[in-house]
Amino acid sequence: MHDGKELAELKKERGNQLYKTGRYQQAVHLYTEAIKLCPDSSTYYGNRSACYINLYQYKAALEDARKAVALDPSFLKGYMRIAKCNFALGDLTAVNSVLSTVREFSLDNSAILPEVQRLEDLIRFDKEGTAACKEQDYIKALFCTDQILEQIPCTRYKVQKAGCLILLGRCQEARDVANDILRLEEKNADAIYVRGMSFYYQDNIEQAFCHFEYALRLAPNHQRAMNIYNQAKALVQRKEEGDKACSQGRYKEAYDLYTKALQIQPNNNSANTKIFVSRAIVCSKLGRFNEAVDDCSSALKCDENNRKALLQRAKCYMELKDFNKAVSDYEKAFKIDKSRESLRLLENAKLALEKSKCNNYSYYLVFDVDKNASLKEIKKAYKRKALEHHPDRHANATDDERREHEKKFKEIAEAYAVLSDTRKRACYDMSL
């Protein structure tokens, strides 16, 4: 027969063996039995606290560590566990207070000093990471967070890591981090919020709203979820109002609405890409082609393969007679989508570039008529030339020959569109 203390020691030893093999939950059960048998042992509480830390149950670990040092005020490991738990729970003031106490105890204890140094390093990483976020240096912020997580893999810093990943455009990685949290805590409002952020920054508004609403049901005072939810609703509303104004020809109003939408979430590249393109279209309608180019360029900084932005910018370059840049953008758009329409736009831009390089080129030369030719003469020449180069007449020609006739047929159509219109012809004549 064992007395209570001997039995408690046996359970502690068995718990230690389980702890060494990583079976922390089973070890907790044995340490708990030991505590029941001998509730005044700081060691048992300290060991159970260590298990809880490895199970990421920092509140329970903190309670046990505090109980341990209350029973034995010289129990240094207990103080270090209190500091770790407070760090994981975000109470850095408490961490610094505990470290001050530990330093007083450990002047002659070199074994504990490395742990103190590690915690001080974590505090430094926390401060540097916070400063980096404020400066929008998310790569450094992510590095600092990873350094912390290597030592203390807690939910608080996992959420922080996910936030950095989102702002770096790595939304799927951020979702994976959030999912890891939710596997252990399925109703963790912070993890649900950050999952919603990952959808929001991929412009999946419906999924984002579902997550923000769920986070707020779980934690009605969750300030970050509330703020982003309200911002997202405002952004969607401004975008929809801008689209409506644009479709109704109220371009100045649409421009103002898109501008307000862009000010709501400057870091949301996915949503803002669409708004930049929409505002570029409005600028084009208002004849502000240089502004439209700038907006398209902003969209392409967010997403370099955005075909709509490339096509819109190319169209603006055509209006600005910057044919080299138009060709470049149309070529990029064609690589993304090798459709007939993309090819047509590219060929038209190349034709315009070719014409711009030829000083002797003239729409009148296309029809072999004089600049003073009458509209009747131009119509007659157009019919003759169009018939001569119509693609249907050259269906059996070689590929190169067909392409050449198609090119000339486009030139003929373009020349006739200008010379048959009195206003366009007058403008064209002034440019010669």
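Reader: What is the volume of the largest cavity in this structure?
Author: The largest cavity has a volume of about 40 Å³, where a cavity is a set of points on a 1 Å grid over the protein atoms alone at which a 1.4 Å probe fits but cannot get out, and the volume is the space filled by probe spheres set on points joined across faces, edges and corners. This is a predicted model, in which local features need pLDDT of at least 70 and side-chain atom pairs count only at pLDDT 80 or more, while totals for chains, interfaces and linings use all residues. Residues are numbered from 1 along each chain as its sequence is written, and side-chain values use heavy atoms, with hydrogens and water left out.

Reader: OK, and which residues line the largest cavity?
Author: Its lining residues, meaning those with an atom within 4 Å of a point, are Tyr 56, Pro 153, Cys 154, Thr 155, Lys 158, Asp 180, Ile 181, Leu 184 and Glu 185.

Reader: Which helix gives the most to that lining?
Author: That is α10, with three residues, and both α9 (155–167) and α10 (171–184) supply at least two residues each. Helices here are DSSP runs of H or I with at least four residues, numbered from the N terminus.

Reader: Switching to helix α13, how far apart are its end C-alpha atoms?
Author: They are 36 Å apart, which agrees with the 36 Å that its 25 residues, 223–247, should span at 1.5 Å a residue, because the expected span is 1.5 Å times one less than the number of residues.

Reader: Which residues of α13 are buried?
Author: The buried ones, with under 20% relative accessible area for a 1.4 Å probe and protein chains only, are Ala 225, Ile 228, Tyr 229, Ala 232, Leu 235, Lys 239, Gly 242, Ala 245 and Cys 246. What covers these buried residues includes α11 (189–200), α12 (205–218), α14 (251–262) and α15 (269–285).

Reader: And what comes just after α13?
Author: Just after that helix, Gly 249 takes a positive phi of about 80°. Asp 203, which is not a glycine, also has a positive phi, of about 65°, and Asp 203 lies in the loop between α11 and α12.

Reader: Which rings are linked with Tyr 229 in a cluster?
Author: Ring pairs join Tyr 229 with Tyr 193, Tyr 200, Tyr 201, Phe 209 and Phe 212, where rings of Phe, Tyr and Trp (its six-membered ring) pair if their centres lie within 6.5 Å, and planes under 30 degrees apart count as stacked, over 60 as edge-to-face and the rest as tilted. The count comes to 10 aromatic pairs. One of them is Tyr 200 with Tyr 201, an edge-to-face pair at 5.7 Å centre to centre with 90° between the planes, and both Tyr 200 and Tyr 201 are buried.

Reader: Is Lys 11 buried or exposed?
Author: Lys 11 is buried, since its relative accessible area is 15%, and Lys 11 belongs to helix α1 (residues 4–20). Leaving aside residues up to four places away in sequence, Lys 11 touches Leu 30, Glu 33, Ala 34 and Leu 37, with contact meaning heavy atoms within 4.5 Å.

Note on methods
Buried means under 20% relative accessible area, exposed over 50%, partly exposed in between (1.4 Å probe, protein chains only). On a 1 Å grid over the protein atoms alone, a cavity is a set of points where a 1.4 Å probe fits but cannot get out, and a pocket is an open set with protein on both sides within 12 Å along at least five of seven lines; lining residues have an atom within 4 Å of a point.
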